[in-house]
Amino acid sequence: MPSSYHAIFAAPGTKGFSAAGLIGRLPLAMMGIGIVTMVSQLTGRYGLAGALSATLAMSAALLGPQISRLIDRHGQSRILRPATLVAVTSVAGLLVCAQQSAPDWTLFVFAAGAGCVPSLGAMVRARWAAIYRGSPRELHTAYAWESIVDEVCFIFGPIVSIGLSTAWFPEAGPLLAAVFLVIGVVWLTAQRATEPVPQPREQHTGGSALRSPGLRVLVATFVTTGAIFGAVDVVTVAFAEERGHKAAASLVLAVYALGSCLAGVVFGLLHLTGPPARRWLVGICVMAVSMIPLQLAGNLPFLAVALFVAGLSVAPTMVTTMALVEAHVPRTKLTEGMTWTSTGLAVGVALGSSAAGWVVDAAGAEAGYGVPVAAGTAAAVVAFLGYRRLRGPVPSRGGRGTDDQEPYNGHESVA
């Protein structure tokens, strides 16, 4: 492990909570595609499978920030386990109803309940922020590391979920995702020494973290970037199927995630200067431009290369986004703020997937790659319009993310 990454893990407890976060985040990449695979195998109804996956995504987008707001107020250990119990119970109900051919409405009810799954990525990043607040170099490396973990989950999660559901039994993928969620949450919440200490009740002002103008810009931009990811996934599957190699779609998409993963590794080793808002704007624009070559892809090898190059801008942009969230959101709402960015991505993925599916049905897969180009253009426009709110000085607010904060629970200082 390079020295910069080795250094951040010198703080006690960091290896444990990052490992727990890895296990607990695998369901994010496994559950939706696992439900699609399970339902399509049991019923042959791809429309129902897609609708259930969309219901799960939208439910998580609505419930996730509310769960994170409670966590900011009451702590991770008090909220995560009950929320996970609701999510896992709902997943179990969904699996039983699907296996027993229950009425469709029962599937949608349980899919909506499964959206109660907490955002483990936000929980882990909040722990890093509590440890390394005031040490921007170490926090940059920590965020880069967690971006790498995200990409690892999205490289291997879908492959494991689809593989188990097709080779073992249809419910295997979502079932294993639920098991990973329980293990990750129980392991993370058992690590109380690194849990961020909730701020006193009087410091929790009313309203949502979205009252921050900077966060609104980031979330709006993430809706459009999420549309890029959702569209690329759907069109790539259709593109591979048109060429008679549908199974290769998962490998091509894994190359996309691999490009992001490698870029995240390098980005975490850099000691950058200058305003992060400028780096963020450049990253969004590069993501948009990188979608253009996809329209020229005539075969799967060319597409894989184009997606690998496109992936190089993803992780650095995500890392910079988390740094901007930490700077623009009060520390009493930090977990909620980070979850809102995930919510923006989830909404965008649902919109991009739907739009891409419509275009593919109407005009074919090659035309479908116009959807991520359009989404990238929209992302660049939103980023340019909101850039002034991100680059300007953040008003001094009680408990702002970059203000002084007591050391995290159990240690004096690690910086």
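**Close-up 1. Glutamate 195 and arginine 192 meet through their side chains in a salt bridge.** The distance here is 3.1 Å, N to O. A salt bridge means a side-chain nitrogen of Lys or Arg within 4 Å of a carboxyl oxygen of Asp or Glu. Side chains of opposite charge can pair when their charged atoms come close. Are the two partners buried or exposed? Glutamate 195 has a relative accessible area of 6%, so it counts as buried, while arginine 192 sits at 48% and is therefore partly exposed. (Buried is under 20% relative accessible area, exposed is over 50%, and partly exposed is in between, with a 1.4 Å probe and protein chains only.) Keep in mind that this is a predicted model, where local features need pLDDT of at least 70, side-chain atom pairs count only at pLDDT 80 or more, and totals for chains, interfaces and linings use all residues. Residues are numbered from 1 along each chain as its sequence is written, and side-chain values use heavy atoms, with hydrogens and water left out.

**Close-up 2. Arg25, Arg125, Glu146 and Asp150 are joined in a network of salt bridges.** One link in it pairs the side chains of arginine 25 and aspartate 150, at 2.8 Å from N to O. This pair ties together distant parts of the chain: arginine 25 belongs to helix α2 (residues 14-43) and aspartate 150 to helix α7 (residues 136-167), 125 residues apart. (Helices are DSSP runs of H or I with at least four residues, strands are runs of E with at least two, and both are numbered from the N terminus.) Aspartate 150 also meets arginine 125 in a salt bridge, this time at 2.7 Å, N to O. Here the chain positions are 25 residues apart, with arginine 125 in helix α6 (residues 120-132). How accessible is aspartate 150? Its relative accessibility is 19%, so it counts as buried; arginine 125, at 6%, is buried as well. Across the whole structure there are 7 salt bridges.

**Close-up 3. Five arginines gather in a patch of positive charge on the surface.** They are Arg216, Arg278, Arg388, Arg389 and Arg391. Which helix gives the largest share? That is helix α16 (residues 370-391), with 3 residues. Arginine 388 is found in this helix, and at 62% relative accessibility it counts as exposed. (Patches take residues with over 30% relative accessible area and no salt bridge, joining like charges within 9 Å and nonpolar side chains, meaning Val, Leu, Ile, Met, Phe, Trp and Tyr, within 5 Å. Lys and Arg count as positive, Asp and Glu as negative, and His and the chain ends are not counted.)

**Close-up 4. Leu175, Val179, Ile183 and Trp187 make up a nonpolar patch on the surface.** Together they have about 330 Å² of accessible area. (Such areas come from the Shrake-Rupley method with a 1.4 Å probe, and for residues only the protein chains shown count as cover.) Valine 179 has its place in helix α8 (residues 172-189), and with 38% relative accessibility it counts as partly exposed.

**Close-up 5. Threonine 343 and alanine 57 are 286 residues apart in sequence.** In space, their C-alpha atoms are 8.9 Å apart. Threonine 343 lies in helix α14 (residues 334-363) and is buried, with a relative accessible area of 8%.

Close-up 6. How many disulfides does the structure hold? The count is 0, where a disulfide means a pair of cysteine sulfur atoms within 2.5 Å.

Notes: Charge placed at Lys NZ, Arg CZ, Asp CG, Glu CD.
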